[in-house]
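Hi everyone, thanks for coming. Please take a look at the structure on the screen, and then I'll walk you through a few of its details.

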Amino acid sequence: MSELKIRCSSLGKIMTNPRTKKETLSKTCKTYVQDIFKENEFGIVREFWSRFIDKGNDCEVKSIELANLVLEWGLPFEAIHGKQHEFENDFLTGHTDVCTKTVLADVKTSWDGTTFPFFEDEIPNKDYYFQCMGYLALTGYDKCDLAYCLINTPEEMVLDEIRREHWKQNSVWDGDENPEIVAMVRSRHEFDHLPNELRVKNFVIERDDEVIKSIYERVEQCREYYKQLKTK
């Protein structure tokens, strides 16, 4: 299937290295291609949901607004609240959070204060590096901002976490809230007391044509593996 293209958000899966030199593709990469095959050929779609993804979707605009303020991107209203830009080439597809004449950026909303990279000097998640490199390949830009943002978790989700923590700490819970548990959970999800500058951590990813070349080569290998699955 020479037309097989990989979403930028999934590049981290195919770019994982195999355990041995004899293997071309890692188990993670093969599993991902198998999922694509089952979806394309059999109509079987894997459902993927998490509360982390829900928060990211719910708070995406707020995160872009915060990053725009702190990083001084100077984005117009439509760049923040408008539709994401979709791109495609012979190997990849993807949609960017921010793409203007001056700014290419991907914005990540951290789940809570414990997962926000306050002190990291390097990108905590290598998958995001490949995602941004994919955007650079699609757009031709020289650099991409990867901005982690610390946004208050929506109240309904906070209440769910409070209940979850009560059940976690009590095998039998009668429904009465423990003020200490409530305070602990809220401390992880509410950040209005922090200055905006501490709630955005930005990593600048420079275009690397050698990495992009390796991505394209891996896509070709994925296409070959897809053909193998089809002959099975």
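Let's begin with Cys-8, which is buried, at a relative accessible area of 1%. Here buried means under 20% relative accessible area, exposed means over 50%, and partly exposed is in between, using a 1.4 Å probe and protein chains only. Before I go on, a word on what you are looking at: this is a predicted model, where local features need pLDDT of at least 70 and side-chain atom pairs count only at pLDDT 80 or more, while totals for chains, interfaces and linings use all residues. Residues are numbered from 1 along each chain as its sequence is written, and side-chain values use heavy atoms, with hydrogens and water left out.

Back to the cysteines. How many disulfides does the structure hold? The count is 0. A disulfide is a covalent bond between the sulfur atoms of two cysteines, and the cut-off used here is a pair of cysteine sulfur atoms within 2.5 Å. For Cys-8, the nearest cysteine sulfur belongs to Cys-132, 9.1 Å away. Cys-144 is in no disulfide either; its nearest cysteine sulfur is that of Cys-132, at 3.8 Å. Cys-144 is buried too, with a relative accessible area of 0%.

Now to the sheets. Strands of a sheet pair through backbone hydrogen bonds, either parallel or antiparallel. In this talk, helices (H or I, at least four residues) and strands (E, at least two) are DSSP runs numbered from the N terminus, and two strands pair if DSSP finds at least two bridges between them.

Strands β4 and β5 (residues 104-109) run antiparallel and are joined by 2 bridges. You can find Cys-99 opposite Leu-104 in β5.

Strand β2 is antiparallel to β3 (residues 92-96), with 4 bridges between them, and Phe-87 has Gly-94 as its bridge partner in β3.

Last stop, the aromatic rings. Searching the whole structure gives 9 aromatic pairs. Rings of Phe, Tyr and Trp (its six-membered ring) pair if their centres lie within 6.5 Å; planes under 30 degrees apart count as stacked, over 60 as edge-to-face and the rest as tilted. Phe-37 and Phe-42 are edge-to-face, 5.6 Å centre to centre with 80° between the planes. Is Phe-37 buried or exposed? Phe-37 counts as buried, at 10% relative accessibility, whereas Phe-42 counts as exposed, at 55%. Ring pairs also link Phe-37 and Phe-42 with Tyr-226 into a cluster.
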